[in-house]
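Thanks for coming. I will go through some charged pairs and then the DNA contacts. Here is the model.

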Protein chains: 2
Amino acid sequence: MEQQEHAFLSSNTVEDASRIFKALADPTRIKILYLLSQEECSVSHITEVLNMTQSAVSHQLSLLRNLRLVKYRRDGNTFYYTYDDEHVITILNQVISHIECK
Amino acid sequence: MEQQEHAFLSSNTVEDASRIFKALADPTRIKILYLLSQEECSVSHITEVLNMTQSAVSHQLSLLRNLRLVKYRRDGNTFYYTYDDEHVITILNQVISHIECK
DNA sequence: AATGTATATGAACATATGCTCATATACATT
DNA sequence: AATGTATATGAGCATATGTTCATATACATT
């Protein structure tokens, strides 16, 4: 009630923002989300394109699922993932464009 | 030369994007950058507002300096920091607005 | 010159993160 | 029912990260 004269962020807001940026902070997750921004993908397809182990990809998808950044549908044994947060994809694309036009 | 049919990101681009998002992924750095988005601040002012140790703040400022996200001017013993990357501030504010209007 | 003040920096430590390896699960096929 | 296939998951491990503590640096003041 004294030392904070200017508008500041609530700790919830800061935590939420941190969570979003953390999700985007890892190269593997950037690649996955970028792929999904272009097309629905099966896990095995992601695994092949990124040239990673199935387990590593699956762990990252699990993390992205928990954050509600991706969702999936199942068809037999195949799981097809799509992105589930338009805003986060927009942010990702903005940063990528900004980097590429340098 | 065969398994990559769609446009994909160069690893440099991915690394650069990762670096930017990593910078924004920590609550302390979010608070610092948000403060600096509003006004030029001395280290001691940031320390008081965030209620953290001088050392912790200084370490984070050092990290942000290395990433060229902030710069400073010196006036006697006091160092005044400002942000140095308009685009990153824009991204931060976009994410914050998005979170707050939920 | 000596002391004070604001900030930076290195080492150490605890926690978080991302991967691998082994294995579980669930559906498909035979 | 038995085997195969696609994916998920838990444990373990190595590395990265953020803080603290102690101390260095550089300028100011007396």
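Arg19(B) and Asp16(B) form a salt bridge, with the closest N and O atoms 2.9 Å apart. This is a predicted model, so please take the distances as computed. The two residues sit three apart in helix α1 of chain B, so about one helical turn separates them. Arg19(B) is partly exposed at 43% relative accessible area, and Asp16(B) is also in the partly exposed class, at 30%.

Next, Glu40(B) and Arg73(B), whose side chains meet in a salt bridge at 2.8 Å, N to O. Glu40(B) is in the loop between α2 and β1 of chain B and Arg73(B) is in strand β2, so this pair ties together parts that are 33 residues apart in sequence. Their relative accessibilities are 34% for Glu40(B) and 40% for Arg73(B).

In chain A, Lys71(A) pairs with Asp84(A), the closest N and O atoms being 3.6 Å apart. Over all chains, the search finds six salt bridges.

Now the DNA. How many residues surround DNA strand C? There are 25, and Ser55(A), Gln60(A), Ser55(B), His59(B) and Tyr81(B) are the closest. By class, 15 are polar, five nonpolar and five charged. The element giving the most to this surface is α4(B), with five residues.

Asn77(B) instead has a polar side-chain atom 2.8 Å from a base oxygen.

Methods: Residues are numbered from 1 along each chain as its sequence is written. Chains are lettered from A and ligands numbered from 1 in the order in which they are written. This is a predicted model: local features need pLDDT of at least 70, side-chain atom pairs count only at pLDDT 80 or more; totals for chains, interfaces and linings use all residues. Side-chain values use heavy atoms; hydrogens and water are left out. A residue is near a molecule or strand if one of its heavy atoms lies within 4 Å of it. A polar contact is a pair of N or O atoms within 3.5 Å; within protein, one must be able to donate a hydrogen and the other to accept it, and residues adjacent in sequence count only if both atoms are side-chain atoms. Helices (H or I, at least four residues) and strands (E, at least two) are DSSP runs, numbered from the N terminus. Ala, Val, Leu, Ile, Met, Phe, Trp, Tyr, Cys and Pro count as nonpolar, Asp, Glu, Lys and Arg as charged, and the others, Gly among them, as polar. A salt bridge is a side-chain nitrogen of Lys or Arg within 4 Å of a carboxyl oxygen of Asp or Glu. Buried means under 20% relative accessible area, exposed over 50%, partly exposed in between (1.4 Å probe, protein chains only).
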